[in-house]
Amino acid sequence: MQGRTLLSAQWVIGHRDGRHLVHENGVVVIEGTEVLYVGASFDGQVARRIDYGAAVISPGFIDLDALSDLDTTILGFDNGPAWKKGRVWPESYIARGPYEMYGPEELAFQKRHAFAQLIRNGITTALPIASLFYRAWGETVAEFDAAAEAAEDLGLRAYLGPAYRTGGQVTDEAGTIRAVFDESRGLAGLDEAADFARRIDGVAGGRIRAMFAPDRIETCTEGLLRRTADMAGEMGAPVRQHCSQSPVELRLVREQHGCASIEWLNRIGALRGNWLLPHGTQATEAEFDLIAGAGATLVHCPLVSARHGGMLKSFPRARAKGINIGLGTDTHPADMILNMQIGMMTARLAEGMEAIRSEDMFDAATLGGAQALNRPDLGRLAPGTKADIAVIDLRHSLQTPDPVQTLMTSASGRDVRDVWIDGRRVMADGVIPGVDATADAARAQAQFDGLIAKYPDRTAGHPPVSEIFTPSYERAAP
């Protein structure tokens, strides 16, 4: 029939009776924006057929904390502590006045570049996240108008909303970090974000939706979060807020409110079912109970946590409490397969070999994200669901007898071959229409190099770049 496309591969991960199931030598039929059929064979008429051979046809991944800028956290991989390395504003920088370290065109490019990277890694639904360390204060509506334009053009399914805050962190030259607040500025940012949300929600045929993005919990006041919770509740939009991720955060929140982060969210009535909480690595058992009771989602970001010596303690115990867990990449590269692999490893380090299986982490990357967004039409391939599909090439992998276990042991984001979103083929054989990968990578690197050159401005004591970022080995003389 006109408009139908049949995809076939060695492995198809379908969905039935609330669970993923695997079809060996299976097919998926797309009609319009939806999946028409998933199974072993299809007798109906189709307009075109694509056989992927040794590959997995998988539901597209859902990234609840999707990198949307040029990731500065990688600069801290071997360079710490953060307050000495430009990751916390020094008092002298605050006194002079924080400024935007990227221009509007650079910010717009970064969103488009990042969205392309998400697609390349098989991520079909994304909630963007970017650092505010190099911003004057929060994100702007203008850059998110550009983000919406980029998402619509590239075909990404996205939940969008500029990040806002009522406070920030500042350090003295001894490394004492304290909070500084400007509540009126933060509330104005919320009002702008709410106006954007009402205007953007449902555009691009419903592919672009609104979200609310209050920044880290230690940078937000009670009034901001209460208003956020009420506004988002009225719209039915998700709220994402980073919390329980660092000892500094825990200290600041306890100084401000006399309790731990998630306890405070619950105390002020902001912890609700539409709340998405990265990272939870510092959360207590009591706080996990509060998350479960509220029906909120824990957003697990294992790669970025492990890079800095942290991990969720623990994925199996959180699941056993009934907590919905989704995944976020939150760093470069936006490789959800690598993220799942690190999540498997750290969960087993925390709880032992038998504590978790491959399908548990795969569920988090698909069904967990869909549940967080209240979207039963996402994160699975079944008749009537959205045709959001990642095709992962296995020709260069050592295949196990099971496709999901093969992804966890032998694959990476670089193996993603084709991506379909809303029934549209947005990447074919690694090529995204309208994207020059080589030119964009060079442009991104040039912007990143320019940012690094500005690091002395916002680093305590204002040392030169060579002292902020020390090399792995001595550099040979030219």
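Q: Why does F362 count as buried?
A: Its relative accessibility is 2%, and buried means under 20% relative accessible area, with exposed over 50% and partly exposed in between (1.4 Å probe, protein chains only). So F362 counts as buried. Bear in mind that this is a predicted model, where local features need pLDDT of at least 70 and side-chain atom pairs count only at pLDDT 80 or more, while totals for chains, interfaces and linings use all residues. Residues are numbered from 1 along each chain as its sequence is written, and side-chain values use heavy atoms, with hydrogens and water left out.

Q: What makes F61 buried?
A: The relative accessible area of F61 is 0%, so F61 is buried.

Q: Why is the Y37 and F42 pair called tilted?
A: Rings of Phe, Tyr and Trp (its six-membered ring) pair if their centres lie within 6.5 Å; planes under 30 degrees apart count as stacked, over 60 as edge-to-face and the rest as tilted. Here the centres are 5.3 Å apart and the planes sit at 45°, so the pair of Y37 and F42 is tilted. The structure holds seven aromatic pairs.

Q: How do you know whether Y37 and F42 are buried or partly exposed?
A: Y37 has a relative accessible area of 26%, so Y37 is partly exposed. F42 comes in at 18%, so F42 is buried.

Q: What makes F61 and F362 an edge-to-face pair?
A: Their rings are 6.2 Å centre to centre with 80° between the planes, and that makes the pair edge-to-face. This pair links distant parts of the chain: F61 belongs to strand β6 (residues 61-67) and F362 to helix α12 (residues 358-372), 301 residues apart. Helices (H or I, at least four residues) and strands (E, at least two) are DSSP runs, numbered from the N terminus.

Q: How do you know that the charged end of R458 sits over the ring of Y455?
A: The test asks for NZ of Lys or CZ of Arg within 6 Å of the ring centre and within 35 degrees of the ring normal. The charged end of R458 is 4.1 Å from the centre of the Y455 ring and sits over that ring. Likewise, R165 has its charged end over the ring of W137, 4.9 Å from the centre.

Q: Why does T221 count as buried, and what is it in contact with?
A: T221 has 15% relative accessibility, so T221 counts as buried. Contact means heavy atoms within 4.5 Å. Leaving aside neighbours within four places in sequence, T221 is in contact with T166, F181, E183 and W264.
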